[in-house]
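Here is a short tour of some aromatic contacts and a metal site. Have the sequence and the 3D view open as you read.

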Amino acid sequence: MPMIPFLEKFPELGARETRSVTATHRQDLPDGEYGFLELYCDEPGCDCRRVMIDVLRPETGWSKIWATISYGWESLDFYRKWGGADSDPIEIKGPYLDPLNPQTKYSSALLNLFRFLIQSPDYVERFQRHYQMFRESVDREHGRSITHETNRIENRRQRLRDPKRRRRHPR
Ligand SMILES: [Zn+2]
């Protein structure tokens, strides 16, 4: 599924509410700042209730991904139902290091740091709020394109039914 940065849809709020951590004198991480950029799924009608985190650093121009973490805040039961019989709800819920996306040798230390951060209910509530905003925006945009398509078809039907239009096409 396509994951899009929250910052892309909500630049100001995203900049204000992106969590960052400054590491000092840690054994497992270089000193400095680590930003936890949130990405959400933009598939219309999807309800996966997960966040993907790209860990970025100002030292590497906010462009190199130091770790990719996937996390779902709902209960295991939710992901069991959502994922169906073939999926592992523990894996979907996470948090885990996404094997399909960039990782570095610091990934597991950053995952531990993230595990520590989500012990704060405020942080988890922020994901839920951002997810809600993001989903509403996706569905609004998608809804607009559906309405547009319906209008187009409706207009064509009316044109076909228009008696004047028929008269202009003599047999
Ligand atoms: Zn989704």
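Rings of Phe, Tyr and Trp (its six-membered ring) pair if their centres lie within 6.5 Å; planes under 30 degrees apart count as stacked, over 60 as edge-to-face and the rest as tilted. By that rule, there are 14 aromatic pairs.

| Pair | Centre distance | Plane angle | Type |
|---|---|---|---|
| Phe36 and Phe114 | 6.3 Å | 20° | stacked |
| Tyr71 and Phe114 | 5.7 Å | 75° | edge-to-face |

The model is a predicted one, where local features need pLDDT of at least 70, side-chain atom pairs count only at pLDDT 80 or more, and totals for chains, interfaces and linings use all residues. Residues are numbered from 1 along each chain as its sequence is written, and side-chain values use heavy atoms, with hydrogens and water left out.

Phe36 counts as buried, at 0% relative accessibility (buried means under 20% relative accessible area, with a 1.4 Å probe and protein chains only). Tyr71 and Phe114 are both buried too.

Elsewhere, one aromatic cluster takes in Phe6, Phe10, Tyr40, Trp73, Tyr131 and Phe134.

A charge sits over a ring if NZ of Lys or CZ of Arg is within 6 Å of the ring centre and within 35 degrees of the ring normal. Arg57 does this with Tyr34, 4.2 Å from the ring centre, and Arg19 lies over the face of Tyr123 at 5.2 Å.

Now for the metal. The zinc ion has Cys41 (SG), Cys46 (SG) and Cys48 (SG) as protein donors, 2.2 to 2.3 Å away. Donors are N, O and S atoms within 2.8 Å of the metal (3.2 Å for Na, K and Ca), and with water not among the atoms, sites may look incomplete. Along the chain, the zinc donors are spaced C-x4-C-x1-C. Cys41 is buried at a relative accessible area of 0%, and Cys48 is buried at 0% relative accessibility.

Methods:
Buried < 20%, exposed > 50% of the residue type's maximum accessible area, 1.4 Å probe, protein only.
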